[in-house]
Amino acid sequence: MEKATIRNLKEIKDKRVFIRVDHNVPQDDKGNITDDTRIRESLDTIKYCLDKGAKIILCTHLGRPKSKADTQFTVKPIVKKLQDCLKGVNITLVDDCIGKKVEDAVSKLKSGEIVYLENIRFYPEETANDPEFSKKLAALCDYYVNDAFGAAHRAHASTEGIAKYVPAVAGFLMEREVKILGEAVANPKRPLTIIFGGKKIKDKIGVMDNLLKIADNILVGGGMTYTFVKASGGQIGNSIVDAENVEYCKNVIKTAKAKKVNLVVASDCVAADKYAPDANTRVFATNEIRDGWEGLDIGPKTRAAFISVIQKSKTVIWCGPLGVTEFDKFAQGSKEIGNAMANCKAITIAGGGDTAFTVAKFGWADKFTHLSTGGGASLELLEGKTLPGVAALLNIKEVR
Ligand code: AMP
């Protein structure tokens with residue numbers, strides 16, 4: 001059943017609209033925002049509400065504070081950044097999330113103005129999904145809009161609980177994320193290819209299990225490669241291995257064969273004599289890596305093989321960097337694969353934090369169909385799961 005979006009609400013002029021955004025942006029030691037993508041991606045929904053003359057209440061989490069005492073987790077830098085994006089708009093930061101101060105600020109709100117609440121995780125009731133806390137949040141508004149895709153896999157008070165007490169719909173970012181990622185796995189344009197990279201197999205098991213049922217091609221690169229190669233009996237030198245998941249990888253290889261999924265594990269790598277940006281490098285077959293060497297990037301044969309599959313695909317999903325992109329020497333494989341995706345005709349999706357960040361860093365953001373803003377949430381959608389933050393929203397037919 002289709003979920004309602006803010007477009008389905010008939011009249012929001014002069015109404016108090018509570019928008020849960022995901023402005024959980026990375027910051028450096030001094031509190032400077034190092035990547036403002038999540039703020040920029042939320043602007044469509046905010047601007048729509050401003051144009052329609054709504055009174056806006058914005059709410060986000062930031063990091064993992066234990067209580068209000070963790071003042072370094074204040075949303076102040078975010079509000080400053082948002083003000084730069086919305087010049088001339090009156091934005092008031094209230095240093096609380098519920099209570100008299102907030103109620104006063106909201107009651108003074110004029111149409112086209114914004115009240116920004118302090119970090120919602122200053123209250124442990126948020127992550128506990130406390131019903132009383134959810135009710136207090138709901139009492140602040142006439143409508144609730146969930147645009148926090150990155151937090152939609154969590155059933156928290158401001159992402160799920162609140163939706164029980166006030167009409168709740170999706171924002172535009174939430175709509176786009178769920179539509180593109182959801183359709184890519186529910187109703188894909190084929191051939192469907194998924195590229196796995198990164199080093200943590202554990203995080204991607206759910207996605208791999210689901211994609212084994214539906215993908216045409218599964219390409220494995222990055223640090224995950226070596227657990228697969230070990231599962232097939234290869235020599236991986238000092239490369240990273242996830243010992244707990246060797247058996248799992250054996251099963252993936254078997255299942256892919258049985259289901260006729262084209263599983264391509266990186267066949268060569270650029271190996272380093274130490275884990276460092278200035279390491280000496282050598283190309284090895286991934287199953288013949290000498291002791292003292294560790295594979296830190298996919299090699300030239302693998303790049304060519306992956307690019308050939310990408311060029312024949314109609315949907316390509318990329319999950320996890322294909323090498324240690326933090327070091328320039330080992331970023332080349334990811335650059336070439338990203339470039340092939342940016343210039344192919346398929347629907348191209350970068351799923352999850354690191355990958356979307358890598359794509360943006362290399363300047364292909366505009367050439368991909370979609371860069372997902374949610375790490376865990378995008379993985380759960382690719383697993384075929386329903387996100388609690390989405391399940392809680394009204395269906396279109398329920399909107400009055
Ligand atoms: P993940 O969170 O599982 O997506 O892993 C991302 C991390 O994997 C990045 O920090 C990369 O540096 C790392 N990574 C990618 N390829 C390799 C590799 N061949 N060896 C070690 N780490 C890698």
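Reader: Let's start with H156. Leaving out residues up to four places away in sequence, which residues does H156 touch?
Author: This is a predicted model, so each answer here describes a prediction. H156 sits in the loop between β5 (143–146) and β6 (168–170). Setting aside residues up to four places away in sequence, H156 touches R121, E126, T127, N129 and G161.

Reader: Is H156 buried or exposed?
Author: The cut-off for buried is a relative accessible area under 20%. H156 has a relative accessible area of 10%, so by that cut-off H156 counts as buried.

Reader: N129 came up among those contacts. What is the phi of N129?
Author: N129 is found in the loop between α5 (124–127) and α6 (131–138). Its relative accessibility is 17%, and N129 counts as buried. N129 is not a glycine, yet its phi is positive, at about 50°.

Reader: And K260, is that residue buried or exposed?
Author: K260 also has a positive phi without being a glycine, in this case about 60°. You'll find K260 in the loop between α10 and β10 (262–265). With a relative accessible area of 75%, K260 is exposed.

Reader: Let's zoom out. How many helices and strands does the chain have?
Author: The chain has 400 residues, and buried ones make up 55% of them. Its secondary structure comes to 15 helices and 17 strands.

Reader: Why is the chain described as being as compact as a globular protein of that length?
Author: The globule rule gives 21 Å for 400 residues, and the chain comes close to that, so it is as compact as a globular protein of that length. Along its principal axes, the C-alpha trace spans about 70 × 45 × 35 Å.

Reader: Among contacts between residues at least 6 apart in sequence, what share joins residues at least 24 apart?
Author: A contact here means heavy atoms within 4.5 Å. Once pairs at least 6 apart in sequence are picked out, the share joining residues at least 24 apart is 73%.

Reader: How many aromatic pairs are there in the whole structure?
Author: One of them is Y48 with F172, an edge-to-face pair with 5.1 Å centre to centre and 90° between the planes. This pair links distant parts of the chain, with Y48 in helix α2 (residues 43–51) and F172 in helix α7 (residues 172–186), 124 residues apart. F172 is buried, at 12% relative accessible area. The search of the whole structure finds six aromatic pairs.

Reader: Which residues of helix α8 are buried?
Author: Helix α8 covers residues 205–214. Its buried residues pack against α7, β7 (192–196), β8 (217–220), α9 (225–231), α10 (246–259) and α14 (375–382). The buried residues themselves are V207, M208, N210, L211, L212 and I214.

Reader: How many residues of α14 are buried?
Author: The buried ones are A377, S378, L379, E380, L381 and L382. What covers them includes α7, α8 and β15 (315–319). After α14 comes G384, with a positive phi near 90°. The helix is mostly covered, and its buried count, out of eight residues, is six.

Reader: Where is the cis peptide bond, that is, which residues does it join?
Author: Look in the loop between α7 and β7, where P191 lies. The omega of the bond is about 0°. The two residues it joins are R190 and P191.

Reader: What is P77 in contact with, leaving aside its neighbours within four places in sequence?
Author: P77 is found in helix α3 (residues 76–85), and at 25% relative accessibility it counts as partly exposed. Apart from neighbours within four places in sequence, the contacts of P77 are Q27, G31 and I33.

Reader: How far apart in space are K108 and N262, C-alpha to C-alpha?
Author: K108 is in helix α4 (residues 100–108), and it is exposed, with a relative accessible area of 64%. In sequence, K108 and N262 are 154 residues apart. In space, C-alpha to C-alpha, they are separated by 60 Å.

Notes. Residues numbered from 1 in each chain as written. Predicted model: local features only at pLDDT ≥ 70, side-chain atom pairs only at ≥ 80, totals over all residues. Heavy atoms only, no water. Helix = DSSP H or I, 4+ residues; strand = E, 2+ residues; numbered from the N terminus. Rg over C-alpha atoms; globule rule 2.2 N^0.38 Å. Buried < 20%, exposed > 50% of the residue type's maximum accessible area, 1.4 Å probe, protein only. Phe/Tyr/Trp six-rings, centres within 6.5 Å; stacked < 30°, edge-to-face > 60°.
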